[in-house]
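Dear colleague,

I am passing on the structure below, together with notes on what came out of going through it. Please read the notes with the coordinates open beside you.

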Amino acid sequence: MPRFVQPAPIATDPYATDRLLHTWLDRHLGTDGLAAAQPRLTALAAEVAGPLRAAHADAEEHPPTLVRYDPWGARIDRIDTSAGWQAQRAAAARHAVVALPYLPDARGTWGAAARIVQHALLHLYGPESATFSCPVAMADGAAALLNLPEVDGDVRDAWLPRLTATDPAVAVTSGQWMTEAQGGSDLARSGTTASRAPDGSWRLTGDKWFCSAADAAMAVALARPEGAGPGSRVLVPFLVPRYAADSPLAQADLDPGAPAPGVRVHRLKDKLGTRALPTAEIGLRDAYAVPLGDPNRAGLARAMTLVVVTRLHNAAAAAGGMRRGLDRAVAYAATRQVAGGRLADSPLHRATLATLAVDAAGAFLLAGHAFALLGRIEVGSDPAAADELRIVAPLAKLATGRLAVSSASEYVESFGGAGYVEDTGVPRLLRDAQVLPIWEGTTNVLALDALRAVVRDDAAPALLRRLDAAADTARKLHPGLADTLASAASRLRADLAEVAADPTGPAVLAGARGLALRMAYALTAALLVEQAAWGDEVAEVAAPLWGRRWLRNEDIAVAAHSHADTLLPHPR
């Protein structure tokens, strides 16, 4: 009897099979705008389905290594990365995954919606980029920070064109050196200091504990200038050249690819996931740095420009990973035989996948909405968008991060034993997803940030107005969902009244996570209604199911199964 071999699932084109992505772009870009974006999106999707998928596998199979010494004993701290990692780097530049919203022709074509096109690129690129989406996020955040008017023009001119270049030979990425062992997310305990050298330039001294994209050409590091007081607000973002080629302290005979003087790589992190991404502990000893903004003024608010962007990228990575995991699970179910038929035809399995599709749709729209708001701020200086993004950014990051982990666990389980075997690549879905509720702030950290947005920035009214409008719209589409949204808005108003009465009380602080998740889930329901009202059949089905699942805590398996043909991916 011949040995059975399970047919491998057939990988699909991530753009051609994503109807929600197409209709979202059509809604926000219009016919002409979508036609202008289509060549970029189809070209990237074709590369993702071919050479970048292979590069992703190569980078994961050959993680970075740290070479501390050369053959003669000189300390070199060189990080070697794979050919697959370098291919991902080149592709990110060619396809303008970072650059697009900064390009004059893109802004001329799409205006504020250039960020929506960028989000679509990230949605396609990120899930099989071997987490090169991380340096992409930090490069985008650094570019946004450099774009601030208070940053010195010479510094901007030296680095921004490189961060936003589309020529792989010119393009660079950025690291983000903020976390320290003693503080973690508690930046007030940061010990890295900034002092002036006799020539008036700045030097940083300290140790950074979790430095992702440690091979990037530059990093943005937080440091406490000499004479600054305690706390986090006085910290200042500094640009640190990573290599000798960009450091004025490097001697002429030093290899341009050597670490900049004063920069030491202590070790690479052995992480649960994101293994292709070089993450390091880095020591700074009188390392040359340039302040981004006035070093005599509190700089944490400036640094948050970067953090907001990277939080949005985190949400995009979560939503993109959820969608790609769904694609893989659906493809496997189509080839797997169970109980005399295809696994894809099992009502129970089909209901499970359709439920995951509801979550993926909600996560996509939540991340996409955040990018849309960012574009309106950058291009139109829209104050209403700025008010809303203040609360949407932490909500989008925390909610999608948690959804990504729960979904990844289901995807792994959907493969059975094959999902637990490393060489299928399926376990990586779960290992890589787990970073998403951690990086750029854990769920609790983001929940407290959302609470600050409510208390300090009065950000809740923008959210409530959107919920009220969605409830009115839903009455024409799904009266039951309208009642659910109205009930959710009513509960949030009661919650917010309790917050206003005692904003720092133990009960309010202890309930911050629950409040943040309720706000995020209600906002997502509203966004699904808005998309459904435009005529999107996926959103029209997903909206009431999301409301039942996340606002009323109901089991939606039977209803999801009945709508599986609409919810599950298939070619257009």
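**Helix α10 and its ends**

Helix α10 carries a kink of about 35°, centred on L389, where the bend at a residue is the angle between axes fitted to the seven residues ending there and the seven starting there. This is a predicted model, in which local features need pLDDT of at least 70 and side-chain atom pairs count only at pLDDT 80 or more, whereas totals for chains, interfaces and linings use all residues. Residues are numbered from 1 along each chain as its sequence is written, and side-chain values use heavy atoms, with hydrogens and water left out.

The helix in question spans residues 383-414, and its 32 residues reach 45 Å from the first C-alpha to the last, close to the 46 Å expected at 1.5 Å a residue; the expected span is 1.5 Å times one less than the number of residues. Helices (H or I, at least four residues) and strands (E, at least two) are DSSP runs, numbered from the N terminus. At the start of α10, a side-chain oxygen of D382 comes to within 2.9 Å of the backbone nitrogen of A384, and after the helix comes G416, with a positive phi near 65°.

**Salt bridges**

How many salt bridges does a search of the whole structure find? The search finds 36, a salt bridge being a side-chain nitrogen of Lys or Arg within 4 Å of a carboxyl oxygen of Asp or Glu.

One of them joins the side chains of D18 and R323, at 3.7 Å from N to O. This pair links distant parts of the chain, since D18 sits in the segment before α1 (19-48) and R323 in helix α8 (residues 300-335), 305 residues apart. Both D18 and R323 are buried, where buried means under 20% relative accessible area, exposed over 50% and partly exposed in between (1.4 Å probe, protein chains only).

A further salt bridge is formed by R94 and E47, whose closest N and O atoms are 2.3 Å apart. R94 belongs to helix α3 (residues 83-94) and E47 to helix α1, so the pair ties together parts that are 47 residues apart in sequence. R94 counts as partly exposed, at 40% relative accessibility, while E47 counts as buried, at 17%.

Because E388 lies in α10 and R466 in helix α13 (residues 460-477), the pair ties together parts that are 78 residues apart in sequence, and both E388 and R466 are buried.

**Aromatic pairs**

The structure holds 8 aromatic pairs. Rings of Phe, Tyr and Trp (its six-membered ring) pair if their centres lie within 6.5 Å, and planes under 30 degrees apart count as stacked, over 60 as edge-to-face and the rest as tilted.

In one of the pairs, the rings of W24 and F364 have centres 6.0 Å apart and planes at 80°, so the pair is edge-to-face. W24 is in helix α1 and F364 in helix α9 (residues 347-380), so that distant parts of the chain, 340 residues apart, are linked. W24 is buried, at a relative accessible area of 4%, and F364 is buried at 3% relative accessibility.

The rings of W85 and F132, with centres 4.8 Å apart and planes at 65°, also make an edge-to-face pair. W85 lies in helix α3 and F132 in the loop between α5 (114-125) and α6 (133-146), so this pair ties together parts that are 47 residues apart in sequence; W85 and F132 are both buried. Ring pairs also link Y521, W546 and W550 into a cluster.

L492, in helix α14 (residues 479-501), counts as buried at 2% relative accessibility. Neighbours within four places in sequence aside, L492 is in contact (heavy atoms within 4.5 Å) with L464, L467, L515, R518, M519 and A522.

A96, in the loop between α3 and α4 (104-110), has a positive phi near 55° although it is not a glycine, and A96 is buried, with a relative accessible area of 1%. A339 likewise has a positive phi near 55°; A339 is found in the loop between β10 (337-338) and β11 (341-342) and counts as exposed at 85% relative accessibility.

With kind regards

Conventions. A polar contact is a pair of N or O atoms within 3.5 Å; within protein, one must be able to donate a hydrogen and the other to accept it, and residues adjacent in sequence count only if both atoms are side-chain atoms.
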